[in-house]
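I am opening a page for this chain and will write down what I look up, entry by entry.

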Amino acid sequence: MRKGGSNWVDGENFFDRENELAALEERVREGTHTLLTAQRRMGKTSIVRELQRRLAESGEFEVVFVDLEAANNPPDAIAEIGIQVKPVRPAWGRIVANLANFLERTGGRIEGISVSDLKVKLRAGIDTGNWQQRGEAIFAALAASDRPVVLAIDELPILVNRLLKDETGRITPDGKSEAEALLSWLRKVGQAHRNRVSMILSGSVSLEPILEQAGLSAHANIFSVYDLKPWSEKTAISCLEALAEAYGIELQFEVRRDMCRRLQYCIPHHVQMFFDQMHEHLRRAGRKKASLEDVEWVYEHEMLGVRGQVDLQHYEGRLEAILGRAGYTVALEILTAAAVTGGITFETLDRYRDDFTAPDVPDGKSVPTVENILHVLQHDGYLEPGEGGFRFVSGFLKDWWHRRYGQAFVPMFDRRR
């Protein structure tokens, strides 16, 4: 077993998750469209990739994986789906034939051009007036394949959020209309080709809070939610044991258990990150065996140090992208207060509600309320309700947030006095 780093893993480097894989495979075989949700770095992409690898290996399914993070609009999304169909030969043949007809009508040729050029040509033939028709043709081509197709669409929430909001993070009427059209189309093709094309949606942020804020939740009702949980402590300890054996170092049981208990919430990427930092620490020290003192040093100086903070800054970037600058500012306040005090009380949240009131904005634009922000923070796994308020789910994220922002923290309502 090798280190996963920040990349998705499959095959020999994929660890455990057999129950989750079985549940997702059952859904595919039953023709269920799935919305895969989880906190960041839980391994959503890895489990989808491993599921697709196993299903393709069985010879019973065709598989297609599409990443929409770079897509800016529905035509971009349709072009990306179209180009990623290439491994499904019958469907790809139909798509290329349609593209060839389009190019002939516009004076172009398809012979001898590269896949990247094909993508450019395909995108050139898709616009705001025909993207739904072009997308329906792609789905029809997939559905006509000899074997059922498992279509994984990653980062759809990022695209929907991008459509909905302007540069300030406010939902616009035009953005809502465009997002609604994309979701309605996706529902239409999903219903039309059920049992021939099974979709799995995922992303680095959750789709449901975005749709709820925009009043579009009903448009995702063909997708059955599957919530991917963290590893149990037992599984995380076993993963650390396998990694230690592969890299020739000794992590005794109590060392591995202490590593997991410091994390508190065993997100696979954080477990791998802790191992990587421990391995490098031992290598620099010229030792093979780790102690409890090594665990404390690595956690305090590496995991919570500058390098660890850089690795976790993607959390902040995603929050700002989803909430906009105004919403992110309040999320930062809430998370920092929860990290500094061990939890944020309902009373403190009421003060934030009083202090942060979304302005009346013309043309139907809106900014997130404190309730919207709390929903995102719960849904994406930062906070959970507890006695008298909310607290961090992950001990590691709590410590990281405290280390990054807690030293000079003064609540917003005190700063404004």
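Leaving aside neighbours within four places in sequence, which residues is T34 in contact with? Before answering, I note that this is a predicted model, in which local features need pLDDT of at least 70, side-chain atom pairs count only at pLDDT 80 or more, and totals for chains, interfaces and linings use all residues. Residues are numbered from 1 along each chain as its sequence is written, and side-chain values use heavy atoms, with hydrogens and water left out.

Entry on T34. I find T34 in strand 1, residues 33-37, where helices (H or I, at least four residues) and strands (E, at least two) are DSSP runs numbered from the N terminus. The contacts of T34 beyond four places in sequence are L24, R27, M199, I200, L201, F223, S224 and Y226, contact being heavy atoms within 4.5 Å. T34 has a relative accessible area of 2% and is therefore buried, a term that I use for under 20% relative accessible area, with exposed over 50% and partly exposed in between (1.4 Å probe, protein chains only).

Entry on helix 11. In helix 11 (residues 253-263) I list V255, R256, M259, C260 and L263 as the buried residues. They lie on the same side of helix 11, because they cover an arc of only 135 degrees around the axis, the arc being that of the directions from the helix axis to the C-beta atoms. An α-helix has 3.6 residues a turn, so residues three or four places apart point the same way. The cover over the buried residues of helix 11 includes helix 10 (233-247), helix 12 (268-285), helix 13 (292-303) and helix 18 (395-405). Just after helix 11, I see that Q264 takes a positive phi of about 75 degrees.

Entry on helices 16 and 17. Helix 16 (residues 346-355) packs with helix 17 (residues 370-379) at an angle of about 130 degrees, their axes 10 Å apart; axes are lines fitted to C-alpha atoms, for helices over the stretch in contact, and angles run from 0 to 180 degrees between N-to-C directions. Helix 16 and helix 17 are therefore oblique to each other, given that angles under 35 degrees count as roughly parallel, over 145 as roughly antiparallel, 65 to 115 as roughly perpendicular and the rest as oblique. From helix 16 the contact takes L349, Y352 and R353, and from helix 17 it takes V370, E371 and L374.
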